[in-house]
Amino acid sequence: MERQIILASQSPRRRELLTQAGFCYQVEPSQVIEKITKEEPWEVVMELSEQKAEDVYRKHMEASNQIQDASSILVIGADTVVAFQNQILGKPHTEQEAFDMLMQLQGEVHQVYTGVALCWNEEDGMHKHVFYERTEVSFYPMTEQEIWDYIHTGDCMDKAGAYGIQTHFGVYIRAIQGDYNNVVGLPIARLYQEIKDVRIGE
């Protein structure tokens, strides 16, 4: 069954990864008000990715039913966080907050978690499959000036943990254990395998 794939995210990094992997898809960002009820980072990303995917799925199906054309769809929701000592570091709100985050991560190993939720329709209604990927990352030492120079590029302000591994900040990445693309924002190989494993549409 050929399905319409919908990415419930406006992240340009996730779009780029899907495109590079050969997916044909459209973008419909979720507008859901995120509600966090979990504490562990891997539970949080799965919870939020599921909320995003369900939100877009339900809106799309409601619109399709109104015109009596409920197409076969697969909605992909995703959420990425950086965690240090099991505490989530979100996107910085100020340059000082970004500086504090990057200083905190110096000489330490931190984790990047991405939750991915798949929502698709079958004859008996909505089906869901949710998983997460974890990658460990460490930095080379950075001087305070190097941190401020990076912050002043503005690249850090829309990124969890205050850095983007795919930008020129990559020169400070000392080691990665796990999936590089997971740190970018979407474990694309794992996503492909999970779609095959749940046998969507068969």
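Trainee: Why does Tyr132 count as partly exposed?
Mentor: Buried means under 20% relative accessible area, exposed means over 50%, and partly exposed lies in between, with a 1.4 Å probe and protein chains only. Tyr132 has 30% relative accessibility, so it counts as partly exposed.

Trainee: What do the values rest on?
Mentor: This is a predicted model, in which local features need pLDDT of at least 70 and side-chain atom pairs count only at pLDDT 80 or more, while totals for chains, interfaces and linings use all residues. Residues are numbered from 1 along each chain as its sequence is written, and side-chain values use heavy atoms, with hydrogens and water left out.

Trainee: Is Tyr113 buried or exposed?
Mentor: Its relative accessibility is 2%, so Tyr113 counts as buried.

Trainee: Why is the pair of Tyr113 and Tyr132 called tilted?
Mentor: Rings of Phe, Tyr and Trp (its six-membered ring) pair if their centres lie within 6.5 Å; planes under 30 degrees apart count as stacked, over 60 as edge-to-face and the rest as tilted. The centres of Tyr113 and Tyr132 are 6.1 Å apart and the planes are at 50°, so the pair is tilted. Tyr113 is in strand β5 and Tyr132 in strand β6 (residues 125-139), so the pair ties together parts 19 residues apart in sequence. Helices (H or I, at least four residues) and strands (E, at least two) are DSSP runs, numbered from the N terminus.

Trainee: How many aromatic pairs does a search of the whole structure find?
Mentor: The search finds nine. One of them joins Trp42 and Tyr113, tilted, at 5.9 Å centre to centre and 50° between the planes. Trp42 belongs to helix α2 (residues 41-66) and Tyr113 to strand β5 (residues 109-122), 71 residues apart. Trp42 has 27% relative accessibility, so it counts as partly exposed.

Trainee: What makes β5 largely enclosed by the rest of the structure?
Mentor: Of its 14 residues, 12 are buried, so the rest of the structure largely encloses β5.

Trainee: How do you know that β5 and β6 pair?
Mentor: Two strands pair if DSSP finds at least two bridges between them. β5 and β6 have 14 bridges, in the antiparallel sense. These two strands form a hairpin with two residues between them. β3 and β5 also pair in the antiparallel sense, over 10 bridges, and Val75 stands opposite Cys119 in β5.

Trainee: Which residues have the most contacts inside the largest nonpolar core?
Mentor: A nonpolar core is a set of buried Ala, Val, Leu, Ile, Met, Phe, Trp, Tyr and Cys residues joined through side-chain atoms within 4.5 Å. The largest has 42 residues, and those with the most contacts inside it are Leu102, Leu118, Tyr163, Phe169 and Leu191. Strand β3 (residues 73-84) gives the largest share of this core, five residues.

Trainee: Why do the buried residues of α6 line one face of the helix?
Mentor: In helix α6 (residues 188-197), the buried residues are Ile188, Leu191, Glu194 and Ile195. Down the axis of α6, they fall within an arc of 120°, so they line one face. The arc is that of the directions from the helix axis to the C-beta atoms.
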